Amino acid sequence: MNKKVVWIAIGFIIIVVILAVANNKQSSSDKTVVAIIPLSGATARTGEFAKRGIDMAVAELKGSGIKVVYEDSQLDPKTAISEFNRYAGDKNTIAYLTVGSPVAMALKPLAQQNRTVLMSIVSAPAYSSLNDYTFRINGTAQIELKNVIQQIHDIGAKSLAVLYQNDDYGKGLLNSIKANYAGTIVDEEGFPADATDMRSQLTKVKSKNPDVIFIAAYSKAVGLVARQAKDLALRSQLICGSACDTPDLLSTAAGGAEGLLVIAPTPKANTSFMSAHNAAYKEDPSYVTTRMYDSVNLIVQADKVCGTNADYKSCMKDTIHAVKDFPGVAFPVNFDQNGDLQDQFIVKKVVNGALQIQ
Amino acid sequence: MDILPQLIVNSIIAGAIYTLVALGFNLIYGTVKFFDLGYGALTAVGGYAVFWLYKLIGVPLYVAVPAGVLTSALIGFLIYRLVYAPLRTRKSSGTVLLVGSLGAFTALQAIVAILFTSQFQTLSKDSGAEAVYQIFGGVITQVQLIMLVTGIVIMIGIALLLKFTMFGKAVKAVGDDEEVAKIVGINTPRVIGWVFAIGSGIAGLAGILVGFDTGIEPTMGLSLLLKGVIASIIGGIGNVYGGVLGAFLLGFIENFGIWKISGEWKDAIAFAVLILFLLFRPQGILRR
């Protein structure tokens, strides 16, 4: 029996080595952009939106000599690091794309060390750093908060309560709003990022009777908060930020989100992009889709400029930093010195069960 | 103090959810004496069965809900026959059974995620149409009221089953001493199979009601299971009434515990109470 086991093990090892070599050979001639995005788990929907934008850009890439490979981050830093390292040694890896603060923050030092461009949809304020290989392709929390506070002023609110999910995103927004909001914050209540019952927190907030409740959370939590707030007959105006701006906000709220205000990066895109997206996916694009689409095109453009440069990696970084009014599908793309996109925000409102731009 | 009525109602609602989970868990644990982690995933199975039948196919609710409960019951029974029964026949230790149940939990959860994706889903088609009631200044929705009544009905049903039926006596006998139960002629594998089916059906019903109240996702089982376990331990593991008492006590502790502090401490408070009971009153409030 022992001999049999040994021969089976040897055979298995030989097969694995052959497959690994073959796989390596297949990829050796293509420049690769690695998309490490959540394709499963709680944020799979956001990953799907990102993939749509990437797929649409890839469909137009024929002849560019660049391909995109997908790895499922599961929004888990350890998984993402393992996937990053798998491609880090390959000289054909020219850039990474990712979604989500936990993963982006984990990959940031690796991208810097590896001198490879990393473009991320990320909310963590600490992601921003001066003139390095990492780029934020969505609006910073500061820009988002400025728009949120402006909206609070515009509706004449005097008192504010904050409901936040207990993670980098939620706490980051909470701290920012506490630092920047000049009015009265009457209550702040946290909940775990995966919570589904926020009635206790809402009951406490209701007793303080704020004019506005800002919900610093992702769309699932915001939808549930809206629904439970309606059940509890809360009269405060509900406002949420960019992370709640996904199509499943309304399905989760199941009719409870009427009147909710969403401050989000503009999802507007040019007519041809909108038509192509709606034809393929039967719904309007999320801003995640448009930003990822632009990111792939930015990388392709930078590759055209840097293709024969002796220091290709540095050139890619500098070229993307230096873009001026790059023709994105929503608006001309520019980055600040920290590699943060100069995003544009809009206000949407849930009216008759649908999100309408105000 | 004007939030007091709503805090009480919130506590009762939470207690009702935990009651449903604790009832089935306690029934199973009281009989076979190991922590069946797979039980948690059956809440998702029930919820998704109704999601598929009611929301995707359009089957009427009065057919979809019983079908969802039966689906959970059947899958729970199959897990027992295919995983736990062989392990128990080999006299596997509690640790091995626990690991086996963890495998069942993970596998079921993964299958649900593959079939339905990980997206959060709601079972209700329009919460705006749901009736809401005022009780002494607190608000409770129709689904929450149904959850509360269902928990009480099931508790009474199980108590009557265990006390007044031959099957119930057999269940108690197996729970007391399986070997002696075999000797006196009780078909213990059959009794245990039924216990798993009934307990799993209750888990499925819990998942369905939670699905209507908040929503469903493949990973919903773990947090529900943990709360059910805490409720069972607080109330008295293996005791039907103890599980219910523990569930409502947990609901009150959680909601009143965060009255003056931030809501994110809720889970920490629940687990702190669990640790205190394990240290100072491991048998729970009511003995088995």
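1. Start with the place where the two chains meet. In this predicted model, 30 residues of chain A are in contact with 27 residues of chain B. If you want to trace the chain A side by eye, look for the elements that give two or more residues to it: helix 2 (44–58), strand 7 (184–191), helix 7 (199–208), helix 8 (219–231) and helix 9 (248–253) of chain A.

2. Which element of chain A gives the largest share of the side that touches chain B? That is helix 7 of chain A, with six residues. As for the kinds of residue on this side of chain A, you will find 13 polar, nine charged and eight nonpolar.

3. Now turn to the sheet in chain A. Five strands make up an open sheet with parallel pairing, and their order is 2-1-3-4-5. At the edges lie strand 2 (66–72) and strand 5 (134–136) of chain A, each of which pairs on one side only. Going from one strand to the next, the twist averages 20°.

4. Here is a pair of strands to look at in detail. Strand 1 (residues 31–37) and strand 3 (residues 93–99) of chain A run parallel and are joined by five bridges.

5. Helix 11 (residues 287–306) of chain A does so, touching strand 1, strand 2, strand 3 and strand 4 (117–121) of chain A.

Notes. Residues numbered from 1 in each chain as written. Chains lettered and ligands numbered in written order. Predicted model: local features only at pLDDT ≥ 70, side-chain atom pairs only at ≥ 80, totals over all residues. Contact = placed C-beta atoms within 7 Å. Helix = DSSP H or I, 4+ residues; strand = E, 2+ residues; numbered from the N terminus. Nonpolar A, V, L, I, M, F, W, Y, C, P; charged D, E, K, R; others polar. Pairing = 2+ DSSP bridges. Axes fitted to C-alpha atoms, helices over the stretch in contact; angles between N-to-C directions.
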